[in-house]
Amino acid sequence: MPPRVNSAVIRRLNMVRVFHALRENPSASQAELGRLTGLDKATTSAVVTQLLEEGLVERTETARTRRIGRPETALNIAPSAGLLVGARLEPGTIRIVTATLAGTVIDHLELPGSTDLGEAVARLRDGIGRIVAMSGAGLPLRAIGVGIPGMMDRDGRLALAPNFGWRDTAIRPLLESALLESELGAPVHIDNDTKAAAMAERLFGACREVEDFIYLTGQSGVGGALVLGGRSYRGARGFAGEVGHLTVEPGGRLCGCGNRGCMEAYVSELAILAQAAERGRPLPDLWAVTAAARDGDAAMLGLLDEVGGRLGLALSYIVNLLNPELVVLGSNLSIAADFLLPPLERALERHALEPHRRGLRLLVSPLGPDAVLMGGIALAMEGFLSSPMPGADMLLG
Ligand SMILES: [Zn+2]
């Protein structure tokens, strides 16, 4: 029954549009939602009715009145609509946040991480239990989103997480069954941490109006996400976006992937610290390297200039290929952005075609190192909105 399937898909898309419009424009009226989404009056009304019936949206009378007639009714995402959990799993730490269904953060929690899979899952489960008890107060737990520094395939299998030493792991069912045992049953959505962070920029950050952008992060490795036509581009198996392994120096520094001369081998925080140590500056983190450069340390100024140039060379391949509107430097790359951007721009001028560069914007992530954590919330929100809801068929009849 193709027409029925189509109408279900269209209804879902309309619902998601209205939901996001309301999230970004709290207290909008039904008429304003129609204008914001471009949906006609009858469709907007049907979607709003459904959202009200499901308890996701509530009406409140506002003091605002039309020039003539009844007071306008404001709509809002109901605070009682439920809770989202976002988490960032790293070898050393597990960070968890809760948010309302509208994406407003409620509580934070930080726990020690583990590279033992069973132990990491158990700690994450216990942490989710604690934070839900803290901020839940009887609210339904709608979805959990987890960002992890690893390659996730399209089926949610973790193919490889080099920092953890995990490969070919069905991490989502593991976590889901652990949560069910603790009576915390909720759908779990897991993705690569950089793709999750890019989704957070798209939903909550600098890329709300941007359809085509490249998002880069750099800690132990350099992660990349390609958002093309408003969607995260995943490639055939789900691994698209590994920009850290573009070669910028054939035969150069050894990379964690086993190849030589990858961009990551120069640009990740770990690689920057290794190069700083080789130049007689054994510094603890990227903040310290940046501080030394700010104090005029010529060796560190020279190093960051080289790093920005390598990053710009790798970016020029992507810009020539994909013609993005925006490139966002996120996570730890944002720390050194003042020093990375000038050489990066010079490299783009040298290697990217002029028509591509015209109108290309470079931006430091406003979410900064928190983007991955908000990425968990973004995964949870997207997952919740794309999963079937009770009563969703009601209006198809
Ligand atoms: Zn590599």
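Reader: What kind of crossing does helix 4 make as it passes helix 5?
Author: A right-handed crossing. A crossing is left-handed if the near helix is turned anticlockwise from the far one by less than a right angle, and right-handed if clockwise. This is a predicted model: local features need pLDDT of at least 70, side-chain atom pairs count only at pLDDT 80 or more, and totals for chains, interfaces and linings use all residues. Residues are numbered from 1 along each chain as its sequence is written.

Reader: Where do the helix numbers come from?
Author: Helices (H or I, at least four residues) and strands (E, at least two) are DSSP runs, numbered from the N terminus.

Reader: OK. At what angle do helix 4 and helix 5 pack?
Author: About 45°, with the axes 10 Å apart. Helix 4 covers residues 117-135 and helix 5 covers 171-181. That makes helix 4 oblique to helix 5. Angles under 35 degrees count as roughly parallel, over 145 as roughly antiparallel, 65 to 115 as roughly perpendicular and the rest as oblique. The axes are lines fitted to C-alpha atoms, for helices over the stretch in contact, and angles run from 0 to 180 degrees between N-to-C directions.

Reader: Which residues make the contact?
Author: Helix 4 brings Val 121, Ala 122, Leu 124, Arg 125 and Ile 128. Helix 5 brings Leu 174, Leu 175, Ala 178 and Leu 179. Two residues are in contact if their C-beta atoms, placed from the backbone, lie within 7 Å.

Reader: Which residues of helix 5 are buried?
Author: Ile 171, Leu 175 and Leu 179 are buried. They cover an arc of only 60° around the axis, so they sit on the same side of helix 5. The arc is that of the directions from the helix axis to the C-beta atoms. A residue is buried if 20 or more other C-beta atoms lie within 10 Å of its own, exposed if 12 or fewer, and partly exposed in between, with C-beta atoms placed from the backbone.

Reader: And what is on the other side of helix 5?
Author: Pro 173, Leu 180 and Glu 181, which are exposed.

Reader: What do the buried residues of helix 5 pack against?
Author: Helix 4, strand 8 (158-161), strand 9 and strand 10.

Reader: What follows helix 5?
Author: Glu 183 follows. Its phi is positive, about 55°, although Glu 183 is not a glycine. It is found in the loop between helix 5 and strand 10 (188-192). Glu 183 has 7 other C-beta atoms within 10 Å, so it is exposed.

Reader: What about Asp 168, buried or exposed?
Author: Exposed, with 9 other C-beta atoms within 10 Å. Asp 168 is in strand 9 (residues 166-169). It has a positive phi of about 45°, and it is not a glycine either.

Reader: New topic. Which residues of helix 8 are buried?
Author: Glu 269, Ala 271, Ile 272, Gln 275 and Ala 276, in a helix that covers residues 269-278. They span an arc of only 160° around the axis, which puts them on the same side of helix 8. Ala 277 and Glu 278 are exposed on the other side.

Reader: What covers the buried residues of helix 8?
Author: The cover includes strand 11 (213-218), helix 7 (264-267), helix 9 (286-294) and helix 10 (298-322). Just after helix 8, Gly 280 takes a positive phi of about 80°.

Reader: At what angle do the axes of helix 10 and helix 11 cross?
Author: Roughly 40°, and the axes come within 7 Å. Helix 11 covers residues 337-351. The two helices are therefore oblique to each other. Helix 10 passes helix 11 in a right-handed crossing. Among the residues that meet are Gly 308, Gly 309 and Gly 312 in helix 10, and Pro 342, Pro 343 and Leu 344 in helix 11.

Reader: Now Ile 144. Where is its place?
Author: In strand 6 (residues 141-148). Ile 144 counts as buried because 30 C-beta neighbours lie inside 10 Å. Leaving aside neighbours within four places in sequence, Ile 144 is in contact with Val 85, Ile 128, Ala 186, Val 188 and Ala 380.

Reader: Last one. Where is Ala 102 found?
Author: In the loop between strand 4 (93-100) and strand 5 (105-112). With 19 other C-beta atoms within 10 Å, Ala 102 is partly exposed. Its contacts, neighbours within four places in sequence aside, are Arg 23 and Ile 77.
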